[in-house]
Each structure stands twice: as C-alpha cells, then as structure tokens.
Amino acid sequence: MTNSEKNRLKDKAFQVFGVFCTFIGLVVLAVFLFDIILEGARRIDWDFLVSLPSRRAARAGILTAWVGTLWILVLTTIIAFPLGVAAGVYLEEYARKSKMANFLEINIANLAGVPSIIYGLLGLEIFVRQMNLGGSLLAGALTLSLLILPIIIVTTREAIKSVPRSVRDGSYALGASKWQTVWNQVLPASFGGILTGIILALSRAVGEAAPLIVIGALAYVPFTPSSPLDEFTVLPIQIFNWTSRPQAEFQTNAAAAIIVLLIITFMLNGIAVYLRNRQQKKIKW
Amino acid sequence: MSRKHNKLEAINLDAYYGDFHALKGINIAMEEKNVTAFIGPSGCGKSTFLRTFNRMNDYIDGFRTEGDILLDGKDIYTKEVRVDELRKEVGMVFQKPNPFPKTIFENVVYGLKIQGISKKAVLEEAAEKSLKRAALWNEVKDNLNKSALALSGGQQQRLCIARALAISPSVLLMDEPASALDPLSTAKIEELIYELKNDYTIVIVTHNMQQAGRVSDNTAFFYMGELVEYSKTKTMFTSPQDTRTQNYITGRFG
C-alpha cells in the first residue's frame, strides 16, 4: 500500500467513526422515543388529559399536572424575565470593568452550574420557610426562577453584545442617554436573541422535578390550582411518582405523561428556533 | 461682510488613553461655516481629536483630557455642560454608515423623539426637511417606512447625515464619511458637504488628500498626536511649511 492510499484509508476510517459518533446520541434518543411512544401513545386520550389523579391507574389523568406546569411556566416567566434581562443589561452596558463586576460575573457563571437540587434546598429555606409561602406555586416559580436566572442573564448579555458598537455610537451622537440607547436601540435589536434564551431556559425549567420535590410540591393534588398560593404538582413530578409504582398500568401512564411533557418542550424549542431564524433574517449588520 | 467668529477652539489640549499620550498640546481655532479637514497617517490622533468636540470619547475607559475645548467660546468639558445638550449642537457622522435597524423615517426622527417630540406633523416635516437637505428625499420619499438597512451604502450615509441634521446642530463632525463608499457615492457626499457649509461648521477627517483638497477651506495636518501644520487648504497643498507635511501630502509616507 502506498502512503497516499494509507492516508485515504485513514481519512475514510475517520469519516465512518465520525458518523458513528454523531448517530450514537440520536439513535439512543430515537430508541427512547420509540419505546415511550409505543408504550404510552395509546393511553393518551381526552380523558387522560382532563382527569384528576387517582389511585386506580386506568382512571388517573394528568389534568392537575399539566395545569400546574402551565402555571409554573407563566409565573416563572413573569418573575425571571424582567430580573434576568435587567441584570444582563446592567452587567453588559452599565457595570464598569472593576473587581466587583468581575466577581459578579464569575459567580453568575458558577450559578449556572449549580445542581438544581441545591436550588430546591435554597427555595425551601427562603421561600417556603422564611417567606411562609409553603409548597405553593409561587414558591415553586420563585425557586425555578433562581435556577434559570443565570441562563437568562448569560444569553441576554450575548444578545446585547451582538448589537454593534456603531449603533450605540449613532444613538449617543444624537444626544441619547445610556438608558434611551439601551431601550430604543439595543433591546429591540437584540430582542430575538433574548427571547430565544428565555424560552430555552423555560424549557429547562419545565423538565425539572428535583427542586420542586424538595420544596414540597405534591404528587397527589386532587384539584387544579386557582391562585399562585395554591399547592400544585407538575408533569415531571407526576411522571416520577408513577414510574416509582410497581404496577405496569402506572408505567403506561408515565410513558403517556412523558409524551405530553416532550411535546411541550419541543414546542418551546420550536418557538425559540423560529424566533431566532426570523431575527437573523430581519437584521443583517 | 463681518469677520466670522471662531466656532470651535482647542487651547493647549492634551488627551490620554490611560498612559498613552494621544494628543499633545493642540491649539487650533476653526471659524464658523467653514470646512476644516483633518489629515494625517493612521493613529495620528485626528479621530480622537474630532471626537473631543462632541465628547464621544467619554465612554472609553481611561480617557481624559487636559486643556480646553471651546464651542462658541465656552468650555465644553466643565461639569455644567450636559453631554446630550452638547450633542444637539454638535452632530456627528461616522466612518461606516450606521443606520439603526428601523425604518428610514424612524432613523431620521430618532434624535427628535428622544427629546420628547412626538407630534406626527412636526416629525414628518422635520424628516422631509432633513432628507431634502441631505439630498436623499427624492430617492426615498415613497419608501419612508422601508427598513434603512435595505438602502445602499451611499444612501445609508446620506441618511445618517439627514439624521444628524434633523436635530438642527450648528456643527457637523464627519469621521471619514466616504471611506466605505464607492466613487459615485463619495462624489455625492462631497457635493453635499459643499452645500452644507453655508449653514454648518464642518470638520471632516479624511485619508484622501484629493478629498481634503476638494471640500475643505482649511486643513490641519496631524502627526503622532501633534498638530504639525494648520493653514488654508490651498496653501497647505501648494507650499507646506513643515517637511513632515510635505512628505505626507506628496505620498512619501502614510
């Protein structure tokens, strides 16, 4: 074999290896999806979506779970969106390069890596106990807001950073203040990116069970919450609960609930991708 | 005709970026309704100097000045001067056209809107007037709600000029306004500068010697942070006093 033939063979070998690596994750995901759908799809019907939980698997539904998940989504958005965006704007536009700013920056990056159960413990102490919110939707939403704040802050900063210096200069040169420049130019121009980040953060929050279990969200809630101070459950907790039962019927229920949860997550991700593409088309620097 | 008064002045101006001494003891006076060109090799301080007149350097960490910059005889670097008020008086056009990612109309009236002017009739009148002044009106009058980013580079730059004129400044600072444009667009901008000097005091930074010769009344040559020579443009290009000036304008370096 000549050297060049050897090289071509190596090249080919790496391509095959690369394809294998790429597909390994996808295949696992596909097998998992296939398995879940096979198990759970036939269980999903109208009754499943609008029934309260029950000790009898055939009568149990996920009404309280998905309504709880929606509540959590909305409340978390209301809390985390303004906080995260404001913090991101401050760090990117206002904070002077100082030791303090550096310190903040490093710690926000660290926060993004803290395990979610730790946030649960934090939420338990601050919101549930100190603020006396109990295992309520509000306590859950506040806890999840803490969890996704670092993600929102980081993506907000990235989005803001992508607005060119020249746009800011143009605004300042016309006599605009910093705030006017941020509000009228920087935020509108980076809004698509910020929104994408928030939606991706929310889709992470939707899938969290651990921190909510810690703050005392219940698996069995026989009513749909009607105010932020009501007790609640969410889909991941319902799924966790069902999978820990020995009966096969509950496993089927769990699979069906997983499908619903996945649909919600994929929908959120889809919206994020759509917004990002639209933004990229609209503004080309 | 009465003698023109000095619109812009620098007196013993030093400027620093941290430890770097960017401008060294600059003294210059520019008459109103004149065009002054700043020329010099890259990094000579001419853009830095231009930006001291509307305090655009304020945002740069570690930038500071010593000495005075006067607008109509008043120091603009005192505490009493509000930067937003100063910039209403001293407009600026940048090297690369930088329209906002908004409609053409929104671009022109932005400066007015941030002053709190929101009457539609007032804004529309101002937009038309400024766009006409910037020789862009005929090209865009039917598309005022189109995105400014859809315009050509030359049109974008004239839009930026219109945007600066809309808030009625008396001084217009131009930082290599044509360096990113094709020759035809450049000619239009130069024509425009010639028109505008009837009403505005214009300072233009340029790398293009011919451009300086065509548009300016006076020329200032900067080298390594110093103002080497400042005189009537004609004088500068026919009989420069300093050998550095001579070397630069004859193309021996730069």
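**Figure 1. Chain A is built from helices.** Chain A has 11 helices and 0 strands; here helices (H or I, at least four residues) and strands (E, at least two) are DSSP runs, numbered from the N terminus. The model is predicted: local features need pLDDT of at least 70 and side-chain atom pairs count only at pLDDT 80 or more, while totals for chains, interfaces and linings use all residues. Residues are numbered from 1 along each chain as its sequence is written, and chains are lettered from A and ligands numbered from 1 in the order in which they are written. Taken along the principal axes, the box filled by the C-alpha atoms of chain A is roughly 75 × 70 × 35 Å. Of its 285 residues, 38% count as buried; a residue is buried if 20 or more other C-beta atoms lie within 10 Å of its own, exposed if 12 or fewer, and partly exposed in between, with C-beta atoms placed from the backbone. Among the contacts in chain A with a separation of 6 or more, 75% join residues 24 or more positions apart; two residues are in contact if their C-beta atoms, placed from the backbone, lie within 7 Å.

Figure 2. A:Glu208 is buried, with 22 other C-beta atoms within 10 Å. Apart from neighbours within four places in sequence, the residues in contact with A:Glu208 are A:Ser116, A:Leu144, A:Leu147 and A:Pro236. A:Ser116 is 92 residues from A:Glu208 in sequence, and their C-alpha atoms are 7.9 Å apart.

**Figure 3. The side of chain B that touches chain A****.** In this interface, 19 residues of chain B are in contact with 17 residues of chain A. On the chain B side, the elements that give two or more residues are α2 (83-89), β6 (90-93) and α3 (104-113). α2(B) gives the most, with 3 residues. By class, this side of chain B has 9 nonpolar, 4 polar and 6 charged residues. Ala, Val, Leu, Ile, Met, Phe, Trp, Tyr, Cys and Pro count as nonpolar, Asp, Glu, Lys and Arg as charged, and the others, Gly among them, as polar.

**Figure 4. Crossing of α3(B) and α4(B)****.** The axes of α3(B) and helix α4 (residues 120-133) of chain B come within 9 Å and cross at roughly 110°. Axes are lines fitted to C-alpha atoms, for helices over the stretch in contact, and angles run from 0 to 180 degrees between N-to-C directions. The two helices, α3(B) and α4(B), are therefore roughly perpendicular to each other; angles under 35 degrees count as roughly parallel, over 145 as roughly antiparallel, 65 to 115 as roughly perpendicular and the rest as oblique. From α3(B), the contact is made by B:Phe105, B:Val108, B:Val109 and B:Leu112, and from α4(B) by B:Leu123, B:Ala126, B:Ala127, B:Ser130 and B:Leu131. This contact has 8 nonpolar, 1 polar and no charged residues. The crossing of α3(B) past α4(B) is right-handed; a crossing is left-handed if the near helix is turned anticlockwise from the far one by less than a right angle, and right-handed if clockwise.

**Figure 5. The mixed sheet of chain B****.** An open sheet of 6 strands in chain B has the order β6-β7-β8-β3-β9-β10, with mixed pairing; two strands pair if DSSP finds at least two bridges between them. β6 and β10 (226-232) of chain B are the edge strands, each pairing on one side only. From one strand to the next, the twist averages 15°. β6(B) pairs with strand β7 (residues 171-175) of chain B in the parallel sense over 4 bridges, and B:Val90 stands opposite B:Val171 in β7(B). Helix α6 (residues 153-165) of chain B packs on the sheet and touches β6 and β7 of chain B. The direction of α6 makes about 170° with that of β6(B).

**Figure 6. Hairpin and loops in chain B****.** Strand β1 (residues 6-17) of chain B and β2(B) pair in the antiparallel sense over 8 bridges. B:Ala10 has B:Ile28 of β2(B) as its bridge partner. The hairpin of β1(B) and β2(B) has 2 residues between the strands, and B:Gly18 in the turn has a positive phi of about 60°. B:Lys33, in the loop between β2 (20-31) and β3 (35-39) of chain B, has a positive phi of about 50° although it is not a glycine. B:Lys33 is partly exposed, with 15 other C-beta atoms within 10 Å. B:Asp72 lies in the loop between β4 (63-71) and β5 (74-75) of chain B, and its phi is near 50°, a positive value in a residue other than glycine.
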